[in-house]
Amino acid sequence: MTLLQRLPTIRSKLSSVIVFAVGLTILLVLLILGEVLEVFQIRDHVWEILLAGALGAGISLVISRWVARGLTQPLRDMAVAARKMEAGDYSQRVVTDSRDEVGRLAVAFNRMSSELESLERLRRDLVANVSHELKTPISALRAHLENLLDGVEDPDPETLQIMLTQSERLGRLVDELLELSRLESGDVPLDREHVALAPLVTQVLSEIEVARSDRGVRLDDAVPRDLPPVFADRERVHQVLFNLLDNAVRFTPTGGLVTVTASAHNGSIDVAVADTGPGIAAEHLPRVFERFYRVDASRSRDDGGTGIGLAIARSVVEAHGGRIWAESEPGGGSTFTFELPLAPSTQWGRRP
Ligand code: ADP
C-alpha cells in the first residue's frame with residue numbers, strides 16, 4: 001500500500017500531493033535562482049524562503065480542498081444513496097452536471113438505481129398478482145367445502161365438477177408460473193431442429209378443434225405447404241401456436257373464423273393467427289404480453305384463462321431470437337404474429 005493509499009479521503013490525498021508539488025517547486029526555483037544563477041545568497045534569505053513556501057502551500061491547500069469538495073460531492077451522494085438502497089429505498093438519484101469520470105459514474109449509478117426500482121416494482125406486482133390469482137380458486141374451493149361440511153350443499157356431481165374445475169385451474173396456474181419462470185431464467189435449453197411449420201400448424205389446429213369443439217368457431221389452415229423449415233424447438237413452437245390459437249378461439253364468438261397464415265421473409269418466417277373476435281383496444285394492445293394482464297379479467301378467468309399464455313409465448317419466441325406482436329381493430333378482430341428464424345442451411349424457398 002503506498003503512502004497515498006493510506007490517506008482516508010480523496011481530499012486529503014489531493015491536498016498532500018499539491019502541498020508536496022508546491023513546496024518542491026518553490027525549493028527548486030529558489031535553489032536555481034540562488035545556487036545556480038546566483039541572483040541572491042540563499043543563506044541570507046532563509047526566513048523569506050520558509051515564509052514563501054508556507055504561504056504557497058497554505059494557498060494551494062485551501063484551493064485543493066475547495067476543488068476536491070466539488071469533485072467528490074457526487075461520490076458522497078452515491079454512498080448515501082447506496083446505503084438507502086440497501087434498506088430498500090430505490091428512489092434515490094444523484095444530481096450532478098459534471099462530465100468527468102465521476103459524472104459518468106453518477107449517470108451509470110442513476111441508470112442502475114432506476115433499473116433496480118422497476119425490477120422491485122415488477123417483483124412486488126408479481127407477488128401481489130400471484131397471490132390474487134391463487135386466492136380466487138382457493139376461496140371458491142373453500143366455500144364449496146364449507147358448504148358441503150355444513151350440509152348447505154350436497155356432494156352432487158355438479159358441485160364436485162365445479163370443485164374439480166377450480167382445482168384444475170390452480171394446477172394449471174402453478175404449472176404455467178413455473179414454466180414462465182424457467183423460461184425467463186433461461187433454465188430450459190432450446191432443443192433446436194429443422195421444423196416444418198405446415199404440419200405442425202395442422203396438428204395444433206386439430207388439437208384445438210377437439211379441445212374447443214363447443215365453441216362453434218371455424219378454423220382455416222392457410223399455411224403454404226412449401227415453406228422452408230424454421231430452426232426451432234418443436235415443443236416450444238407447438239406451445240406458442242397452441243396458446244395463440246386457444247386465445248383466438250376463446251375470444252371469438254360462435255360462427256366466427258380463425259385463420260392461420262405464414263410467409264417467409266429474408267431469414268425468417270412470420271406466422272399469423274387472425275380471428276374475427278371483438279378485437280383489442282389500442283391502449284391494451286402493448287400490454288397483453290405482460291403476465292396477468294387481461295383486458296377483461298373476469299371473462300378470461302371464466303373461460304379458464306390464467307393471464308400467462310401470451311407471456312409464455314413471448315418468452316419462447318424471444319428465446320429463439322424472434323419477435324411477437326399483436327395488431328387489432330376493436331370490433332374488427334385481432335391478429336397475433338410471431339417471427340422465427342429460418343434454419344441456417346436453408347436456401348431461400350428450398351428445403352435442405
Ligand atoms: P388469458 O389466459 O387471459 O387468455 P393471455 O396471456 O393468453 O391470458 O392473454 C392476455 C389477454 O389478452 C387476455 O386476457 C385477453 O384480454 C387478451 N387477448 C388475448 N388474445 C386475444 C384475442 N385473440 N382476442 C381478444 N383479446 C385477446
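Predicted model: local features only at pLDDT ≥ 70, side-chain atom pairs only at ≥ 80, totals over all residues.

Tutor: A crossing of two helices is called left-handed if the near helix is turned anticlockwise from the far one by less than a right angle, and right-handed if it is turned clockwise. The axes of helix 3 and helix 4 are 10 Å apart, and the angle between them is about 20 degrees. Angles under 35 degrees count as roughly parallel, so helix 3 is roughly parallel to helix 4. On the helix 3 side the contact is made by Leu 71, Pro 74, Leu 75, Met 78, Ala 81 and Met 85. Facing them from helix 4 are Val 102, Gly 103, Ala 106, Phe 109, Ser 113 and Leu 116. Sorted by class, this contact holds ten nonpolar residues, two polar ones and no charged ones.

Helix 3, residues 46-86, also packs against helix 2, residues 10-36. Here the angle is about 150 degrees and the axes lie 8 Å apart. Angles over 145 degrees count as roughly antiparallel, and helix 2 and helix 3 are therefore roughly antiparallel to each other. The crossing of helix 2 and helix 3 is right-handed. Helix 2 contributes residues including Ile 10, Leu 14, Ile 18, Val 22 and Leu 30. Among the residues they meet in helix 3 are Ile 49, Gly 53, Gly 56, Ser 60, Ala 68 and Thr 72. The contact of helix 2 with helix 3 divides into twelve nonpolar, seven polar and three charged residues.

Another packed pair is helix 7, residues 234-251, with helix 9, residues 309-319. Their axes are 9 Å apart at an angle of about 145 degrees, and their crossing is left-handed. Helix 7 brings Arg 236, Gln 239, Val 240, Asn 243, Leu 244, Asp 246 and Asn 247 to the contact. From helix 9 come Gly 309, Leu 310, Ile 312, Ala 313, Val 316 and Val 317. By class, the contact of helix 7 with helix 9 has seven nonpolar, four polar and two charged residues.

Now for the domains. The chain is divided into domain 1 (3-89), domain 2 (110-185) and domain 3 (193-347). The centres of domain 2 and domain 3, taken over C-alpha atoms, are 25 Å apart. Their contact takes 13 residues from domain 2 and eleven residues from domain 3. On the domain 2 side, the elements that give two or more residues are helix 4 (101-150) and helix 5 (157-184). Helix 5 supplies the largest share of that side, nine residues. The side of domain 2 that touches domain 3 has five nonpolar, two polar and six charged residues.

Helix 5 can be checked for length. At 1.5 Å a residue, its 28 residues should span 40 Å, and the end C-alpha atoms are 40 Å apart, which agrees. After helix 5 comes Gly 186, with a positive phi near 75 degrees.

Conventions: Residues numbered from 1 in each chain as written. Domains from an automatic or database assignment. Contact = placed C-beta atoms within 7 Å. Helix = DSSP H or I, 4+ residues; strand = E, 2+ residues; numbered from the N terminus. Nonpolar A, V, L, I, M, F, W, Y, C, P; charged D, E, K, R; others polar. Expected span 1.5 Å × (residues − 1). Axes fitted to C-alpha atoms, helices over the stretch in contact; angles between N-to-C directions. Parallel < 35°, antiparallel > 145°, perpendicular 65-115°, else oblique.
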